[in-house]
Amino acid sequence: MRRASRKSSSSAATASAGAAQVNEKQNRKRKGVSTNLTSRKAQRGPTKAVSKEVERIDQFFYAYADSSSGMIDPEGIETLCSHLEVPHTDVRILMLAWKMGCEKQGYFTLDEWRTGLKALRADSISKLKKAFPELVQEVTRPTNFQDFYTYAFRYCLTEDKKKCIEIPVACELLNLVLGLQFRPQVDKLNNYLMYQNEYKVINMDQWMGFIRFCNEINFPSLDNYDSDLAWPLILDNFVEWLRENKS
């Protein structure tokens with residue numbers, strides 16, 4: 001009888017321990033499920049917010065996009081500018097194209113639009129207006145301005161494999177991009193470009209020479225200009241013209 005009692009007690013203890021282990025596993029499993037659900041909810045929150053933001057940005061895009069091309073074309077850009085209350089020739093529109101990384105002048109694709117407007121946190125006209133001052137500050141930082149200046153030239157290459165822009169376009173672009181910072185130099189340079197007959201187009205090397213000239217040369221004295229320092233020939237001729245017409 002004693003052996004049976006001990007055996008019965010041992011079996012009961014084993015069963016109790018087994019039940020405890022099962023309960024512990026179930027509790028861990030429940031905690032795991034709970035943790036996973038919490039994690040999923042946390043992940044869903046930001047994802048939903050991002051998708052809603054993209055949805056609003058897309059709706060903003062389609063308000064101006066042409067239904068047949070699926071892009072915002074020149075007419076759509078003019079409408080956008082009228083709603084922004086800025087002319088389509090305003091430098092801020094060029095800055096917006098730079099922020100989007102637009103490849104074709106006068107056209108905004110949906111992907112380009114998303115890239116730029118997500119970065120600017122703008123999904124409406126009012127928010128885009130408010131984003132302009134910050135965009136101007138970003139572009140005019142020395143670390144960004146050189147890139148923007150280079151982009152402006154490439155953006156105006158309206159045909160594939162085109163490497164030059166016409167003199168009137170170059171003058172308009174110089175006014176737009178460099179005019180605020182270097183107005184005296186730009187005025188003189190545009191006068192020279194418009195009234196000389198030697199050059200009909202401007203290439204990238206010449207274009208980059210213009211900004212280098214504005215940044216490095218004392219104006220109007222020109223006392224530190226040295227034609228031996230591998231300047232583009234157009235700038236040698238420009239400086240010679242300035243000196244001849246100094247009076």
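A residue is called buried here when its relative accessible area is under 20%, exposed when that area is over 50% and partly exposed in between, with a 1.4 Å probe and protein chains only. The structure is a predicted model, in which local features need pLDDT of at least 70 and side-chain atom pairs count only at pLDDT 80 or more, while totals for chains, interfaces and linings use all residues. Residues are numbered from 1 along each chain as its sequence is written, and side-chain values use heavy atoms, with hydrogens and water left out.

Of the 247 residues of the protein chain, 37% count as buried. The chain holds ten helices and two strands, taken as DSSP runs numbered from the N terminus (H or I, at least four residues, for helices; E, at least two, for strands), and their order along the sequence is α-α-α-α-α-α-β-α-α-β-α-α.

Ile72, in the loop between helix 1 (2-62) and helix 2 (74-84), is buried, with a relative accessible area of 0%. With contact meaning heavy atoms within 4.5 Å, and with neighbours within four places in sequence left aside, Ile72 touches Phe61, Tyr64, Ala65, Ile77, Gly106, Tyr107, Phe108 and Trp113. Gly106 is 34 residues from Ile72 in sequence, yet the C-alpha atoms of the two are 8.1 Å apart in space.

Helix 6 (residues 142-155) and helix 9 (residues 204-216) pack at an angle of about 145° with their axes 11 Å apart, where axes are lines fitted to C-alpha atoms, for helices over the stretch in contact, and angles run from 0 to 180 degrees between N-to-C directions. At this contact Phe145, Gln146, Tyr149, Thr150, Phe153 and Arg154 of helix 6 meet Met204, Trp207, Met208, Phe210 and Ile211 of helix 9. These residues divide into eight nonpolar, two polar and one charged, where Ala, Val, Leu, Ile, Met, Phe, Trp, Tyr, Cys and Pro count as nonpolar, Asp, Glu, Lys and Arg as charged, and the others, Gly among them, as polar.
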